[in-house]
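Let's take a walk through a protein together. Have the sequence and the 3D view open as you read.

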Amino acid sequence: MEASGQENAGGRGATAPPATDPGPAGDGHPLTTLRLPGLTALTGRAHRPDGTGPPAEDIWRAVLSPAELQRAAAYRLATDRRQFQHARWLLRTTLSRLAPVAPRDWEFTVSPHGKPAIHPRFGSDIEFSLSHSGGLCLIALTRGRPVGADIQHCAALGGPESVGRLVRNSLAPPERAGLAHLTGRRRRDAVVQLWTLKEAYAKAVGLGLRLPFGEIAFRPGGPTGIALRPTARVPDPGRWDCYAPPAPEGFCMALCTARPAAGR
């Protein structure tokens with residue numbers, strides 16, 4: 001596996017740029033919408049990378065549930081609290097643009113492995129995945145298809161020792177070989193991109209970190225430029241479309257969704 005340019009399954013440029021639409025968030029914070037086949041993703045910023053920026057906590061809190069407010073209050077850092085609140089606000093208000101339900105009225109369930117979903121009582125076929133890091137929030141939505149999304153602030157990984165540990169613990173042998181010639185920031189960012197792809201896939205299948213990341217492997221190829229390798233943990237790689245769309249400077253993000261079932 002090559003680890004640079006259009007052939008890099010763990011770096012920038014692995015997929016064609018998606019359609020993007022900048023637009024107001026409704027809380028004074030700009031949003032960007034990405035549209036991919038069968039999938040819509042929105043990114044929004046709760047605060048700037050340095051933690052500054054006008055908070056809109058009153059707006060966000062107005063639609064959160066009591067349980068979400070309790071979780072928000074437990075965050076020690078204000079930036080983490082705002083990030084959580086913005087992500088939940090973004091989810092609720094986005095869902096309400098797709099269905100006649102007030103943002104505050106949405107209810108959610110969580111699977112035994114931690115995958116959130118809309119409560120069955122709403123009878124909705126909308127599936128979603130949510131991620132946030134470094135002040136950026138990402139939400140992906142599909143209809144009737146599993147979906148996973150992940151965004152990571154590359155600098156949060158730390159220095160070369162942290163990068164090396166992640167390579168040893170979470171990358172498959174072909175991925176490690178493909179990154180061998182990279183150094184410094186290029187290596188770090190390629191490793192983070194592979195991590196986000198694995199996170200997105202693990203969320204899509206509903207297992208999260210319970211899935212051994214070293215047994216999931218990506219390679220260049222397929223209709224999106226990135227393909228899963230068949231392994232014991234990935235018996236049906238052709239079922240999934242995975243993307244590494246362009247992310248804001250200093251971030252990597254990934255999206256993964258199941259292809260439509262035959263005949264649909």
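This is a predicted model: local features need pLDDT of at least 70, side-chain atom pairs count only at pLDDT 80 or more; totals for chains, interfaces and linings use all residues.

## Starting at R71

Is R71 buried, exposed or something in between? R71 counts as partly exposed, because its relative accessible area is 49% and the exposed class takes values over 50%. Now find R81, which lies 10 residues from R71 along the chain. The C-alpha atoms of these two residues are 8.6 Å apart.

## Two helices side by side

Time to zoom out a bit. Two packed helices are described by the angle between their axes and the distance between those axes. Here, helix α2 covers residues 66-73 and helix α3 covers residues 78-98. They pack at an angle of about 155°, and their axes are 8 Å apart. Angles over 145 degrees count as roughly antiparallel, so α2 is roughly antiparallel to α3.

Which residues do the meeting? On the α2 side you'll find E68, R71 and A72. On the α3 side, their partners are R81, F84, Q85, R88 and R92. Sort this contact by class and you get five charged residues, two nonpolar ones and one polar one.

## Inside the protein

Now for the nonpolar cores. The largest one has 32 residues, and the members that touch the most others are Y201, I216, F218, L228 and W240. Several elements give two or more residues to this core: α4 (160-170), α6 (184-204), β10 (226-228), β11 (240-243) and β12 (251-258). Which of them gives the largest share? That's α6, with 10 residues.

Have a look at W240 in your viewer. Setting aside its neighbours within four places in sequence, W240 is in contact with P146, Y201, A204, V205, L228, C256, T257, A258 and R259. There is also a second, separate core, made of 22 residues. Among its members are L64, A87, L95 and V101.

## The whole picture

How many helices and strands are there in the protein? The count is six helices and 12 strands. Of the protein's 264 residues, 49% count as buried.

The accessible surface of the protein comes to about 12200 Å², and carbon and sulfur atoms account for 54% of that surface. Finally, consider the contacts between residues at least 6 apart in sequence: 55% of them join residues at least 24 apart.

How values were computed
Residues are numbered from 1 along each chain as its sequence is written. Side-chain values use heavy atoms; hydrogens and water are left out. A nonpolar core is a set of buried Ala, Val, Leu, Ile, Met, Phe, Trp, Tyr and Cys residues joined through side-chain atoms within 4.5 Å. Buried means under 20% relative accessible area, exposed over 50%, partly exposed in between (1.4 Å probe, protein chains only). Helices (H or I, at least four residues) and strands (E, at least two) are DSSP runs, numbered from the N terminus. Contact means heavy atoms within 4.5 Å. Accessible areas come from the Shrake-Rupley method with a 1.4 Å probe; for residues, only the protein chains shown count as cover. Axes are lines fitted to C-alpha atoms, for helices over the stretch in contact, and angles run from 0 to 180 degrees between N-to-C directions. Angles under 35 degrees count as roughly parallel, over 145 as roughly antiparallel, 65 to 115 as roughly perpendicular and the rest as oblique. Ala, Val, Leu, Ile, Met, Phe, Trp, Tyr, Cys and Pro count as nonpolar, Asp, Glu, Lys and Arg as charged, and the others, Gly among them, as polar.
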